[in-house]
Amino acid sequence: DSTLVNMTFSSCGLTTGTYTSNIFISSNDPLTPIDTVPVSLTVVGFPEILLSDTCLYLDSIMEYTTSQDSFKIYNIGCDTLFITDANKNLMEYALSDTSEMLLPGDSVTIAVTFAPTSPGFYQDTITILNNDTIVTVCLSGYGYPRPIISVTPDTIDITIDACTDTVIIPLHVNIVPLSYT
């Protein structure tokens with residue numbers, strides 16, 4: 001007499017590698033009450049990159065100031081994700097370190113700093129090089145002109161001939177564009 005037993009094997013939650021175990025079968029056979037079947041499961045998997053954001057808007061800021069934002073890179077695959085580099089073109093954008101090794105289920109946060117040195121709209125793209133598929137993050141930010149201060153006169157030279165005298169000198173301060181807080 002025989003019985004067919006269906007065995008189900010799942011790779012859910014496993015990373016790439018070989019897993020071994022034994023299946024123990026109990027019977028009423030007096031000579032072999034337990035039979036052992038060795039099992040080897042090999043998971044062949046790949047890394048899979050996922051981004052938290054595909055575009056970042058780094059706000060409208062005054063030239064010579066900074067704005068920072070970030071995005072996350074996730075490895076949702078079952079093998080190690082190697083991030084070899086992240087490239088961008090404009091010097092107005094800076095990135096935190098982008099060389100990473102992400103195990104399955106791991107993530108890393110990449111900081112992006114926007115620092116315009118002249119007025120204008122800045123668009124760029126970060127290209128993330130890795131061992132899965134090349135992905136990109138678009139960047140945009142606006143730098144508006146800084147206020148420029150000028151003072152007239154630019155030098156004040158005062159001589160007072162008495163110990164208890166007071167002199168009033170007008171000082172003209174000009175700020176373009178004018179802004180009050």
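User: Strands are taken here as DSSP runs (E) of at least two residues, numbered from the N terminus. With that in mind, where in this predicted model is the place of P153?

Analyst: P153 takes part in a cis peptide bond with T152, with omega at about -5°. Strand 12 covers residues 148-152 and strand 13 covers residues 172-176.

User: What percentage of the 181 residues in the protein chain do buried residues make up?

Analyst: A residue is buried if its relative accessible area is under 20%. The protein chain exposes about 12,600 Å², of which carbon and sulfur atoms supply 55%. Of the 181 residues, the share that is buried comes to 22%.

User: Which strands are the edge strands of the open sheet of 4 strands?

Analyst: This open sheet has the strand order 3-5-9-7, with antiparallel pairing. An edge strand pairs on one side only, and this applies to strand 3 (49-51) and to strand 7 (93-95). Neighbouring strands of this sheet are turned by 25° against each other on average, direction ignored. The edge strands are strand 3 and strand 7.

User: Which residue in strand 9 does A94 stand opposite?

Analyst: Strands of a sheet pair through backbone hydrogen bonds, either parallel or antiparallel. Strand 7 and strand 9 (residues 107-114) run antiparallel and are joined by 3 bridges. In strand 9, the residue that stands opposite A94 is T113.

User: Is the disulfide of C55 and C138 right-handed or left-handed?

Analyst: A search of the whole structure finds 1 disulfide, and C55 and C138 form a disulfide with their sulfur atoms 1.7 Å apart. The pair links distant parts of the chain, with C55 in strand 4 and C138 in strand 11 (residues 135-144), 83 residues apart. Because the torsion about the S-S bond is about 125°, the disulfide of C55 and C138 is right-handed.

User: Does C138 count as buried, partly exposed or exposed?

Analyst: Partly exposed residues have a relative accessible area between the cut-off for buried, under 20%, and that for exposed, over 50%. At 28% relative accessibility, C138 counts as partly exposed.

User: Does Y64 count as buried, partly exposed or exposed?

Analyst: Phi of Y64 is near 70°, a positive value in a residue other than glycine, and Y64 has its place in the loop between strand 4 and strand 5 (67-75). D59, for its part, has phi near 75°, lies in strand 4 (residues 55-62), and counts as partly exposed at 42% relative accessibility. Since its relative accessible area is 56%, Y64 is exposed.

Methods:
Residues are numbered from 1 along each chain as its sequence is written. This is a predicted model: local features need pLDDT of at least 70, side-chain atom pairs count only at pLDDT 80 or more; totals for chains, interfaces and linings use all residues. Side-chain values use heavy atoms; hydrogens and water are left out. Buried means under 20% relative accessible area, exposed over 50%, partly exposed in between (1.4 Å probe, protein chains only). Accessible areas come from the Shrake-Rupley method with a 1.4 Å probe; for residues, only the protein chains shown count as cover. Two strands pair if DSSP finds at least two bridges between them. Axes are lines fitted to C-alpha atoms, for helices over the stretch in contact, and angles run from 0 to 180 degrees between N-to-C directions. A disulfide is a pair of cysteine sulfur atoms within 2.5 Å.
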